[in-house]
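Here is a friendly walk through one protein model, meant to be read with the structure open beside you. Do turn the view as you go.

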Amino acid sequence: GWAPFRRIFDIVATGRRQSIMGASQIDQYGNQNISLIGDWDKPKRQLIGVRGAPGNTANHRVDYWIARHGARLFVESVDMVSGVGNDRAKAAGLKHHHLGVIITNLAVLGYDENGRVKVLSVHPGVDPQEVTDNTGFPLDASNAPETRLPTDEELRLIREGIDPRALRNREVPVPQPVG
C-alpha cells in the first residue's frame, strides 16, 4: 500500500506492518547483513547499506526471500548487523520484533524456541543433506517434511494474475526435463 512519507515512521513504530526482505548474510539467530562484507574499517565489498532494515526488523514482522541458499549467505556470524535477529531483539527487549520465515530455493526455514534458525520443510526434489551442506552453521534438515506444492488455484493466480510474464523465472529458473 501507499502512505505519505510523513506517516511512515508512525506506521513502522506501531508493529502493524509486514516486510519481505533479502539478505547478503543471515546468521543462526536471523541477524541480517545488507551493508558490507568483511571488516568494517576496510570492507571487501560495500553493499547497499542498512536501508530500512533496523526499523523493519525491530518493529514488525519480517520474512526473508533468498533465491540461492548457500554457506556464504547463511553464516555463523554476520559481518555487520543491518537487520536485528532474535538474540539481539531479546537482549534489547524489543516489543514488536517478529522474524517470520526464510524462504530459499531449497527449503523453508523458521526459528526454534531459542530463536535459532530451523528447517520447517525441504522443497520437493531437494536432498535434505543439500540444505545442511549449504548452510554455514549447524542446521539439521534430515527429519524435515517436504514443502507442499501449490494448489491448482494458487498456480493459476501466480501465472495469470500476479506474474503473467513469468518474471519469477529470472530469479529462480524452472528446472527443465532431462532428455
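## A tour of the chain

Arg-16 sits in the loop between helix H1 (5–12) and strand S1 (18–21); helices (H or I, at least four residues) and strands (E, at least two) are DSSP runs, numbered from the N terminus. This is a predicted model, in which local features need pLDDT of at least 70 and side-chain atom pairs count only at pLDDT 80 or more, while totals for chains, interfaces and linings use all residues. Residues are numbered from 1 along each chain as its sequence is written, and side-chain values use heavy atoms, with hydrogens and water left out.

With a relative accessible area of 66%, Arg-16 is exposed. On this scale buried means under 20% relative accessible area, exposed over 50%, and partly exposed in between (1.4 Å probe, protein chains only). Arg-16 and Arg-61 are 45 residues apart in sequence, yet their C-alpha atoms are 8.1 Å apart in space.

**The chain as a whole**

In total, the protein chain has 6 helices and 9 strands. Its radius of gyration is 17 Å, close to the 16 Å that the globule rule gives for 179 residues, so the chain is as compact as a globular protein of that length. The radius is taken over C-alpha atoms, and the rule is 2.2 Å times the number of residues to the power 0.38. Along the principal axes, the C-alpha atoms fill a box of roughly 50 × 40 × 35 Å.

Of the 179 residues, 39% count as buried. The accessible surface of the chain comes to about 11,400 Å², and 53% of that belongs to carbon and sulfur atoms; such areas come from the Shrake-Rupley method with a 1.4 Å probe, and for residues only the protein chains shown count as cover.

Contact here means heavy atoms within 4.5 Å. Among contacts between residues at least 6 apart in sequence, 62% join residues at least 24 apart.

As for charge, the mean positions of the 22 positive and 21 negative charges are 9 Å apart. Lys and Arg count as positive and Asp and Glu as negative, with His and the chain ends not counted; each charge is placed at NZ of Lys, CZ of Arg, CG of Asp or CD of Glu.

**An aromatic pair and its surroundings**

How many aromatic pairs does a search of the whole structure find? The search gives 1 aromatic pair. Phe-74 and Phe-137 form this pair, which is edge-to-face, at 6.4 Å centre to centre and 70° between the planes. Rings of Phe, Tyr and Trp (its six-membered ring) pair if their centres lie within 6.5 Å; planes under 30 degrees apart count as stacked, over 60 as edge-to-face and the rest as tilted. Phe-74 lies in the loop between strand S6 (61–66) and helix H3 (86–92), and Phe-137 in the loop between helix H4 (128–133) and helix H5 (152–162), so the pair ties together parts that are 63 residues apart in sequence. Both Phe-74 and Phe-137 are buried.

Pro-138 also lies in the loop between H4 and H5, but Pro-138 is exposed, at 68% relative accessibility.

Leu-109, in strand S8 (residues 107–111), is buried at 0% relative accessibility. Leu-109 and Val-122 are 13 residues apart in sequence and 8.7 Å apart in space, C-alpha to C-alpha.

**Residues in helix, strand and loop**

Asn-56 belongs to helix H2 (residues 53–59) and is buried, with a relative accessible area of 10%. Beyond its neighbours within four places in sequence, Asn-56 is in contact with Arg-17, Ser-19, Met-21 and Val-62. Lys-44 is in strand S5 and counts as exposed at 66% relative accessibility. With neighbours within four places in sequence again set aside, Lys-44 is in contact with Ile-37 and Gly-38.

Most residues other than glycine have a negative phi, and most peptide bonds are trans. Here are two residues to look at with that in mind. Arg-51 is found in the loop between strand S5 (43–46) and H2, and Ala-166 in the loop between H5 and helix H6 (168–171). Arg-51 is exposed, whereas Ala-166 is partly exposed.

| Residue | Phi | Relative accessible area |
|---|---|---|
| Arg-51 | positive, about 50° | 63% |
| Ala-166 | positive, about 55° | 27% |
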